[in-house]
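Please consider the model shown here, and follow the explanation from its loops to its helix packing and its cores.

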Amino acid sequence: MSKERDMTVGRPLPILLSFILPLLLGLLFQQFYSMVDTVVVGKSLGVEALAGVGSTGSISFLIIGLCTGICSGFAIPVAQKFGERDEDGLRRFVGNMVWLGSLIALVMTLLTTLGCRWILTAMNTPEDTFSYAYDYIFLIFLGIPATMLYNTLSGILRSLGDSRTPLLFLIFSSLLNVALDLLFVVTLKMGVAGAGWATLISQLISGLLCLVYMAKKFPILRLSRDDLKARKLYAVRLLFMGLPMGLQYSITAIGTILLQTAVNGLGAAAMAATTASSKVTGLFAVPFDAIGATATTYAGQNLGAGKLDRVNAGVKTCALLGSIYSVVALIVLYFGAAPLSGLFLNSDEAAAAGQILPMARQLLVINAAFYIPLLFVNLLRFTIQGLGYSNLAVIAGISEMVARGIVALGLVPVLGFTGVCYASPAAWVMADCFLFPAYFYCVKKRKAQYAPRAARAGTL
């Protein structure tokens, strides 16, 4: 039985909610991977190990974000072809994704694992946390093929309107990750490397389950030898969509790396506070990621169908849902930021916790006050990508990088940890200053392009 979902017909609100909710749960479980690693490391191995693992967050965002962004970009032509009802073109795009994604995964794995020690040294990682950081991030880099496998396949499923299947695999893999974390770190005493292995194995299993399921349940994705043939036109289109999305993450991450380098200079307490708060922020920002991923598929399918008015309606609906959530999240974090951050600290180190928790709360509350700008960063950027303008989304990433770099180099030396707290809000606001006019420009251009087709179909 076919599992695809057509997002080009019907009222936007129920369609978007039915897609967002499973995706939201899936992303929560994806955050659960990282949170469990941090909780187990912080509770079992102490603040220095926690700081070491946390200090890899920005470089992980740079590399893994590049890979994830490429996979997400690869899925956009699939959504557009599905909206056009061009099944032959859809399968050829998927076939070219197979060999192109495999090549990128191999190159990225070799470069990052061989250069891992140099990267951490360049980031000014403190000597007392260096070994922890290296042992963890090396294994995360080693798992790049598994990461790309899952993200490519789940991106294809979401392009066809199925956001539930990736959720089921992530739930299973997250539970497996918990069990492996406890086994490797607590029972077998493998240190932070155990947390890395747990994440790698769990992601690999998640990707393999997706592959088996797709082969059995999606006839539209059963590829022939001809579909797997390398085609320059399709490969160029995939790279045109995938590389800008990947670069957008990486460019944004450069600013994050500059900020992390500045945080490293403030000492282990600031590093641990940033690590703990980043895990909480990652959890609370998941709805914005879900809205963004939904916007890509929704815009892509409706672009393929030539229904641009539905894109505007979808953006308005997502903006309303996201704004309501932003207010609720601010209230929750205002009162609960400290205890939530405390989940990632070693309770035996009370003195350090007493210094770390107020810093973590300060960062979380200030960031939450700017969640509505973060909402529009995700919503508008991913809608623009779904409309086929991935190159413009890169400029938003550059805006975020510049803002974080200015704060890291200019404010942190003057204001200390308070400067760190305003880095992300500055990045979000600066990105929005570009994204709002860019979005209206993209919609105007696409409407002009698709007006003849839409007029014939009676959709505009």
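R85 is found in the loop between helix 3 and helix 4, where helices (H or I, at least four residues) are DSSP runs numbered from the N terminus. The phi of R85 is near 65°, a positive value in a residue other than glycine. With a relative accessible area of 48%, R85 is partly exposed; buried means under 20% relative accessible area, exposed over 50%, and partly exposed in between (1.4 Å probe, protein chains only). The model is predicted: local features need pLDDT of at least 70, side-chain atom pairs count only at pLDDT 80 or more, and totals for chains, interfaces and linings use all residues. Residues are numbered from 1 along each chain as its sequence is written, and side-chain values use heavy atoms, with hydrogens and water left out.

Helix 3 (residues 57-84) and helix 4 (residues 87-122) pack at an angle of about 175°, with their axes 11 Å apart; the axes are lines fitted to C-alpha atoms over the stretch in contact, and angles run from 0 to 180 degrees between N-to-C directions. Helix 3 is therefore roughly antiparallel to helix 4, a term for angles over 145 degrees. Among the residues in contact (heavy atoms within 4.5 Å), I59, I63 and C67 of helix 3 meet residues of helix 4 that include L90, M108 and T112. The residues of this contact divide into 18 nonpolar, 3 polar and 1 charged; Ala, Val, Leu, Ile, Met, Phe, Trp, Tyr, Cys and Pro count as nonpolar, Asp, Glu, Lys and Arg as charged, and the others, Gly among them, as polar.

A nonpolar core is a set of buried Ala, Val, Leu, Ile, Met, Phe, Trp, Tyr and Cys residues joined through side-chain atoms within 4.5 Å. The largest such core has 56 residues, of which I59, L90, I144, L160 and L221 touch the most other members. A second, separate core of 54 residues includes M241, A368, L435 and V443.

Another loop lies between helix 7 (164-187) and helix 8 (192-217), and L188 belongs to it. L188 counts as partly exposed, at 47% relative accessibility. K189 lies in the loop between helix 7 and helix 8 as well, and has a positive phi of about 55° although it is not a glycine. At 66% relative accessibility, K189 counts as exposed.

N302, by contrast, is buried at 0% relative accessibility, and its place is in helix 11 (residues 286-304).

How values were computed
Helices (H or I, at least four residues) and strands (E, at least two) are DSSP runs, numbered from the N terminus. Angles under 35 degrees count as roughly parallel, over 145 as roughly antiparallel, 65 to 115 as roughly perpendicular and the rest as oblique.
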